Every structure is written in C-alpha cells, then in structure tokens.
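Let's take a walk through this one together. Have the sequence and the 3D view ready, and follow along as we go.

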Amino acid sequence: MPSNQRTTISRRQQLRDQRARESAKETKRRRLFRIATGLLTTLVVALVGFGLWSARPVEGGPSGQAPAFTLPTTAGTTVSLADYRGQPVLLYFNEGAGCGSCTQQMALIEQEPGFAAAGITVLPIVMNTAAQIQPDLDRFGVTTPYLLDDGTVSKAYDTLDKGMHPGLPGHGFVLIDADGNKLWHGNYPSMWLDPAELLHEATSRL
C-alpha cells in the first residue's frame, strides 16, 4: 500500500478516534450536568420544604394559670396582669425594635374593631427600652403602649427562642380569660397573622 494512502487512512482513524473521544467527553458532561441539575432541584425542594415546615404555626390549648407580672410601658406607666382580672387579655410577644412586620401587626390589630367589641385587651410585650421601640411605633402609627420586658415575663410564658433571634420572643400570642387562665397560645414563625384570623382564634375560645 502506497505510503500516502496509509497516511490518509491513519489521519482518518485519528479523526475518528478524536471524534469518539470528544463524543465521550460530551456524553460525560451531559451526564454530570443532569446529575448536578437533579441534586440542585432536590436541594431547592428540600429548602422550600424546610422553609414551609419551619414557618408552620405552633398552637396549644388551655395550660393552667397565667403567670402574674407587672411591667413598665412606653407611656411611662406600669401595667399588671391583675389589672385586667374580670376581662380577657391577649398578650402579644414579638421581636420588637427593628421588626417592621411585628409593629405592623400591632398597627392592624388596632384597626380591627372586633377586639374591643369582644372586650379583649391586646397587650404587646417586647424586650426593648422605650427609646428603642418608640421610633417603630411612630413609624407605623401604633398608639397602644408597649410593655417593656427584661426577659423575665417572656421566659415565664415560654416565648423565648421561638423566632429568628436567639434569646428573644418570636411572634406569639397568649389568650388569658377573665379568671386568669391561659386558654390558647399560638406562635407564628412567618411573623404574621391576619388580625381577623387572630380575632377568630381568640373569640372562638372564650
């Protein structure tokens, strides 16, 4: 066989081998891409699922006598739970200063006339000083005095470490009846509960 013919055949074989190697590499790249895409999809689904699971509200029914407390307020007064004996009270524990959704929650609770109609007093409780929380109240137009806790009351009501920040309350409510009994509590990691739904939760248990 002439040498030029052998060279041509050799080149053709080299080209076939090169195409085969490139095809194998492409197949490998596609396989790795499919695996990576599958893993990413699984991770996203897992993260979304965890987010939905962790944002689920946690609720409970009657749980005995409500711990007594007396706290200073942003209005410069003091408030005791005993002041409200004979009427239902809804405690609203939240993260306080810097949590816009927490303050907006209270602003919309104030706009829901059903609480007053049902004789329910809502007492917001935060672990802040008056100077820390007042700008938030002014920003959202909240007029209800906030009760200022050093952590003692929040701990007594088991509301600490329920939100995004360790050592602080999450976004929770405790319903206390006219006799001082805890009828219901609900913690909402989503940092929001529609005031109409909150009103229904409270009135349905009184």
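**Starting from Leu147**

Leu147 touches a whole group of residues beyond its sequence neighbours of up to four places away: Phe69, Leu71, Pro72, Thr73, Val79, Leu123, Pro124, Ile125 and Val126. Keep in mind that you're looking at a predicted model. You'll find Leu147 in strand 6, which covers residues 147-148. Is Leu147 buried or exposed? It counts as buried, because its relative accessibility is 1%, under the 20% cut-off. Gly76 sits 71 residues away from Leu147 along the chain, yet their C-alpha atoms are separated by 9.9 Å.

Now for the aromatic rings. The whole structure has four aromatic pairs. One of them is Tyr92 with Phe173: the ring centres are 4.8 Å apart and the planes meet at 10°, so this pair is stacked. It links distant parts of the chain, with Tyr92 in strand 4 (residues 89-94) and Phe173 in strand 7 (residues 171-176), 81 residues apart. Tyr92 is buried at 0% relative accessibility, and Phe173 is buried at 1%.

Phe93 and Tyr157 make a tilted pair, because their planes are at 40°, with the ring centres 5.6 Å apart. Phe93 belongs to strand 4 and Tyr157 to the loop between helix 5 (152-156) and strand 7, so the pair ties together parts 64 residues apart in sequence. Both Phe93 and Tyr157 are buried. Together with Phe69, these two form one aromatic cluster, and Phe69 is also among the residues that Leu147 touches.

Last stop: the structure's one disulfide. Cys99 and Cys102 form it, with their sulfur atoms 2.1 Å apart. The link is right-handed, with 70° about the S-S bond. Cys99 is buried at 9% relative accessibility, and Cys102 is buried at 0%.

Notes: Residues numbered from 1 in each chain as written. Predicted model: local features only at pLDDT ≥ 70, side-chain atom pairs only at ≥ 80, totals over all residues. Heavy atoms only, no water. Disulfide = S-S within 2.5 Å. Buried < 20%, exposed > 50% of the residue type's maximum accessible area, 1.4 Å probe, protein only. Helix = DSSP H or I, 4+ residues; strand = E, 2+ residues; numbered from the N terminus. Contact = heavy atoms within 4.5 Å. Phe/Tyr/Trp six-rings, centres within 6.5 Å; stacked < 30°, edge-to-face > 60°.
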